[in-house]
Amino acid sequence: GVILLSGFLANRWGKKSTFIVCLALTTLFTALFYLPRPTDVAALYVLCLLKSLAYAPTIPSFWAMVEDVDGNIEYVNHRRATGFCFSGMVCALKVGLGIGGALAGGLLSAFGYVSGSTAAQSASAVTGIRWVASLLPALLFALGLVCLFFYPITQKFNLHIQQALEARRQGKEA
């Protein structure tokens with residue numbers, strides 16, 4: 001359903017606009033995770049559902065936008081770089097996941113989180129968990145949101161690129 005939903009939204013409003021709106025909602029719902037108390041399980045489930053629904057269309061949109069970047073590279077350089085483009089994104093994702101995991105673990109340790117403990121965590125550790133599960137990722141999502149405003153490939157520009165590449169491939173380039 002996510003692929004159909006993201007395709008519908010992207011076709012209607014463009015990939016960039018869809019990504020911006022969905023990431024803005026994801027940022028909001030992620031930040032709101034800070035508000036419920038640890039015992040407010042229903043509120044946490046509702047926020048988790050809302051965040052997941054908002055975030056889901058960003059995944060296929062992201063990879064479709066990487067394809068648009070690949071088309072733009074070919075448009076500008078007259079040379080395909082699909083492998084380079086996609087492998088670069090996969091590498092960046094893996095490095096980011098590694099850094100993110102290390103950062104989360106380091107922050108939790110700094111707040112006094114005790115791994116594997118059967119006893120209740122300290123108030124400081126609970127605060128750290130709340131920060132690492134809400135405000136910190138929301139801040140990083142917001143940073144990504146700011147970056148999206150500088151992404152130059154709009155729906156109209158991408159259509160132009162695709163038409164120009166098709167004409168070039170058919171030998172009709174002026």
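This briefing walks through helix packing and pockets in the structure above. The model is predicted, so please keep in mind that local features need pLDDT of at least 70 and side-chain atom pairs count only at pLDDT 80 or more, while totals for chains, interfaces and linings use all residues. Residues are numbered from 1 along each chain as its sequence is written, and side-chain values use heavy atoms, with hydrogens and water left out.

**Helix α2 with helix α6**

- The axes of α2 and α6 come within 8 Å and cross at roughly 160°; axes are lines fitted to C-alpha atoms, for helices over the stretch in contact, and angles run from 0 to 180 degrees between N-to-C directions.
- Helices here are DSSP runs (H or I, at least four residues), numbered from the N terminus.
- α2 and α6 are therefore roughly antiparallel to each other (under 35 degrees counts as roughly parallel, over 145 as roughly antiparallel, 65 to 115 as roughly perpendicular, and the rest as oblique).
- Their crossing is left-handed, a term used if the near helix is turned anticlockwise from the far one by less than a right angle, with right-handed used if clockwise.
- Contact, meaning heavy atoms within 4.5 Å, involves residues of α2 including F19, I20 and L23, and residues of α6 including P137, F141 and L145.
- The residues of this contact divide into 13 nonpolar, 5 polar and 1 charged (nonpolar: Ala, Val, Leu, Ile, Met, Phe, Trp, Tyr, Cys and Pro; charged: Asp, Glu, Lys and Arg; polar: the others, Gly among them).

**Helix α5 with helix α6**

- Helix α5 (residues 82-110) packs on helix α6 (residues 123-148) at an angle of about 145°, and their axes are 8 Å apart.
- α5 passes α6 in a right-handed crossing.
- L103, A104, L107 and L108 of α5 meet G128, I129, V132 and L136 of α6, giving 7 nonpolar, 1 polar and no charged residues.

**Helix α4 with helix α7**

- Helix α4 (residues 58-77) and helix α7 (residues 155-169) have axes that come within 10 Å and cross at roughly 50°.
- α4 and α7 are therefore oblique to each other, and α4 passes α7 in a left-handed crossing.
- On the α4 side the contact is made by D68, G71, N72, E74 and Y75, while α7 contributes residues including F157, H160 and R168.
- By class, this contact has 5 nonpolar, 5 polar and 4 charged residues.

**Largest pocket**

- A pocket is found on a 1 Å grid over the protein atoms alone, as an open set of points where a 1.4 Å probe fits, with protein on both sides within 12 Å along at least five of seven lines; lining residues have an atom within 4 Å of a point.
- The largest pocket holds about 1,300 Å³ of space, where volume is the space filled by probe spheres set on the points, joined across faces, edges and corners.
- Among its 33 lining residues, Y55, L93, L140, F141 and G144 are the closest to its centre.
- α2 (15-32), α3 (41-55), α4, α5 and α6 each supply at least two lining residues, and α5 gives the largest share, with 11.
- By class, the lining divides into 26 nonpolar, 6 polar and 1 charged.

**Second largest pocket**

- The second largest pocket holds about 180 Å³ of space.
- Its lining includes F33, P36, R37, L44 and R130, and α6 gives the most, with 5 residues.
- This lining has 7 nonpolar, 1 polar and 2 charged residues.
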